[in-house]
Amino acid sequence: MKKKIVSSMLVFSLALSSLIACGKKDEEATENNQATVDDQEGIEAVDDSVAFWEQTSEDGRVRSYLTGEWVDPSYGRQRPVAVMIENTKACLPQYGIENAGVIYECVVEGGITRMMAVFDDYSGLDQIGNIRSSRPYFVYFASEYDAIYMHAGGNPAAFELIDDKNLVDNLNALTLEGSKGKAAAYRTGKSEHTLYTNSEGIDIGIEKRSYDQTLPSDYEPHFKFAPDGNNLENGEDCQALQLYYYTNKPYWIYNEDDGLYYRYEFNQPQVDAISGNQLTAKNIILQDVAWFTYQGSQYLGYLLSFNTGTGKYITNGKMVDIVWSKDADTEVTHYYYADTNEEIQLNVGQTWIQACQASGEGDFRKDNQFYAKKSDFSKAK
């Protein structure tokens, strides 16, 4: 089949009236972000010369490596846990992913997407998942955080990275499942959509495999954060956006009141089953990645290591062009502003990374509609 270029997403701009409103909101957001840094309860203001990661609060909290938020050092300075999450209509709603600091979403075979939720704090969660199988690109992403990686089996390419190359310490839920409270994973039914873990189960798995939870002394945090907020003053308006993923048809709507993007898929809000809250993101990174199909199979591969690409960074109702670079299998992927080549600074909060197929066989997007108003966009089928 002849190869066609696949657009990774649709971007939606508001009219001139919203531009005027955004200017006022940006000023308010800058003031609010500064207040967040200096005036949080129990937070000791620090001089700008102090490194972001060296900051501590009066009650001993540290900055999360995943979100930049103030967290308890008991988990804020230990290895994170990355859990593979199913994302089909049959599995919804998912459990516990609202608590993740970073979420990856990638296409797997058949056009469906799968997620990987990266937690530094998974405490107090009675159910997480459901858990699904690994793909090689998720192994690469998990290794960038030195994360302990939980999955339910995987394809041969994934196990080559896990078993042969030892890129990650892994918890294979299929070999660790049992009764709830006594095993790393448990089932709520007989179907493939019923395998879960929880806070206790993760700890049981880590103990069973004798994994060290201490981060190495030379650990490099994955992201840089803007302590005073990043409003992307030179960015384009991005009040709503839709990804090309054609099975779940996900899209995001920006809420100016709280500065978050709200997630929808399968034509409905995507919620966390534990809290009932709609999933949100403070930062969205679209990472365009060249891809291929493994010979003799339908499994996809992404060209990540020793590679570069383009994308978008979206936050606070704005969007800018970026480029990304990953120098080796376990090296952190760095994201840079396309116009300055400076590394991007995220806003404090949860980040979603949407890996998008930059090109390949077939046209995965069925139309080229653009929506100028949120009301029109939310009614889209």
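## Phenylalanine 306

Phenylalanine 306 sits in the loop between β22 (300-302) and β23 (307-315). Helices and strands here are DSSP runs, numbered from the N terminus: helices are H or I with at least four residues, strands are E with at least two. The phi of phenylalanine 306 is near 55 degrees, a positive value in a residue other than glycine.

Phenylalanine 306 is exposed, with a relative accessible area of 62%. The cut-offs are these: buried means under 20% relative accessible area, exposed means over 50%, and partly exposed lies in between (1.4 Å probe, protein chains only).

## About the model

This is a predicted model, where local features need pLDDT of at least 70, side-chain atom pairs count only at pLDDT 80 or more, and totals for chains, interfaces and linings use all residues. Residues are numbered from 1 along each chain as its sequence is written, and side-chain values use heavy atoms, with hydrogens and water left out.

## Aspartate 146

Aspartate 146 also has a positive phi, about 55 degrees, although it is not a glycine. Look for aspartate 146 in the loop between α3 and β9 (148-151). Its relative accessibility is 28%, so aspartate 146 counts as partly exposed.

Proline 93 belongs to the loop between β5 (81-87) and β6 (102-107).

Another cis bond links glycine 129 to asparagine 130. Here omega is near 20 degrees. Asparagine 130 lies in the loop between β8 (128-129) and α3 (136-143).
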